[in-house]
Amino acid sequence: MSPRRPPAPTRLTEAHDTRGFRSGDDVLDGWLRHRALEQLEEGVTTFVVAAPGEAGERVIGYYCLTRGAVERRRAVPRWRVRRGGAGAGATAANDPLPALIVGRLAVDETAQGNGVGARLLRDAVMRAATVYRTAGLPLLLAHATSAPAKAFYRHFGFTDTRVDPYLLALGLRHATGGPGPR
Ligand SMILES: CC(C)(COP(=O)(O)OP(=O)(O)OC[C@H]1O[C@@H](n2cnc3c(N)ncnc32)[C@H](O)[C@@H]1OP(=O)(O)O)[C@@H](O)C(=O)NCCC(=O)NCCS
């Protein structure tokens, strides 16, 4: 693959070849090789892959996107609800804040350092921003599996939460530069 020309992310299908995927993290590799298709069938998680070519080409990177929620007080401070500011459909201050979660982001060792991880993460933010603008989930959480993974997410503007040292958050209002939903 030419440096800095990562393939466009696309949804994982049965036609993709995941067998030889190795990122250096056995857990993340195992998820892609053995469990991703199973999870797809359940329909609660979206798996997005980078594969240099049509479906059927070897996967060189992936992430998954799913729904979750976080205790509002322990998320980043700007997501606390202002007293009296909640309109119809808004949640109360103590309700969990619904969010999307990006996780299991990994790039094959042969392709690392070429912008594949960045392109996958930007794709996740873009998908989350679309959901935010249409349905109002204001937060994208990232579940990091190690200190370097945490540094990677921070590099792209994610900040620590007070929920778990390895759970980071990106406010989509801030990331998209405007209010939602529309
Ligand atoms: C972390 C990982 C996904 C990065 O993917 P990648 O394709 O090698 O990264 P990219 O080439 O897209 O790098 C994009 C930017 O992130 C930076 N970056 C990469 N890894 C980083 C890290 N661990 N900490 C901080 N910054 C990092 C790069 O320097 C680059 O910066 P630039 O755009 O300013 O030049 C990859 O190394 C990997 O799969 N590691 C093993 C699994 C893992 O740790 N997953 C993390 C999420 S759970």
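Analyst: Helix H2 covers residues 116-135. In this predicted model, the length of the helix can be checked against its geometry: at 1.5 Å a residue, its 20 residues should span 28 Å, and because its end C-alpha atoms are 28 Å apart, the two values agree. Just after H2, Gly136 takes a positive phi of about 90 degrees.

The helix lies across strands E2, E3, E4, E5 and E7, and runs at about 160 degrees to E4. These strands belong to an open sheet of seven strands with mixed pairing, in the order E1-E2-E3-E4-E5-E7-E6. At the edges are strand E1 (10-11) and strand E6 (159-160), each of which pairs on one side only.

Strands of a sheet pair through backbone hydrogen bonds, either parallel or antiparallel. Here E1 and E2 pair in the antiparallel sense over two bridges, with Thr10 opposite Val49 in E2. E2 and E3 are also antiparallel, over six bridges, and Thr45 stands opposite Thr66 in E3. Strand E5 (residues 139-143) runs antiparallel to strand E7 (residues 167-171), and five bridges join the two; Leu140 has Leu170 in E7 as its bridge partner.

Within H2, the buried residues are Val116, Gly117, Leu120, Leu121, Ala124, Val125, Ala128, Ala129, Val131 and Tyr132. An α-helix has 3.6 residues a turn, so residues three or four places apart point the same way.

Arg127 is also found in helix H2. This residue counts as partly exposed because it has 18 C-beta neighbours inside 10 Å, whereas a buried residue would need 20 or more. Arg127 lies 27 residues from Leu100 in sequence, yet their C-alpha atoms are 9.7 Å apart in space.

The shell around the ligand has 22 residues, of which the closest are Gln112, Gly117, Ala118, Ala149 and Ala151. Strand E4 (96-107), helix H2 and helix H3 (147-155) are the elements that give two or more residues to this shell. The largest share, five residues, comes from H3.

Definitions and conventions:
Residues are numbered from 1 along each chain as its sequence is written. This is a predicted model: local features need pLDDT of at least 70, side-chain atom pairs count only at pLDDT 80 or more; totals for chains, interfaces and linings use all residues. A residue is near a molecule or strand if its C-beta atom, placed from the backbone, lies within 6 Å of it. Helices (H or I, at least four residues) and strands (E, at least two) are DSSP runs, numbered from the N terminus. A residue is buried if 20 or more other C-beta atoms lie within 10 Å of its own, exposed if 12 or fewer, and partly exposed in between; C-beta atoms are placed from the backbone. Two strands pair if DSSP finds at least two bridges between them. Two residues are in contact if their C-beta atoms, placed from the backbone, lie within 7 Å. Axes are lines fitted to C-alpha atoms, for helices over the stretch in contact, and angles run from 0 to 180 degrees between N-to-C directions. The expected span of a helix is 1.5 Å times one less than its number of residues.
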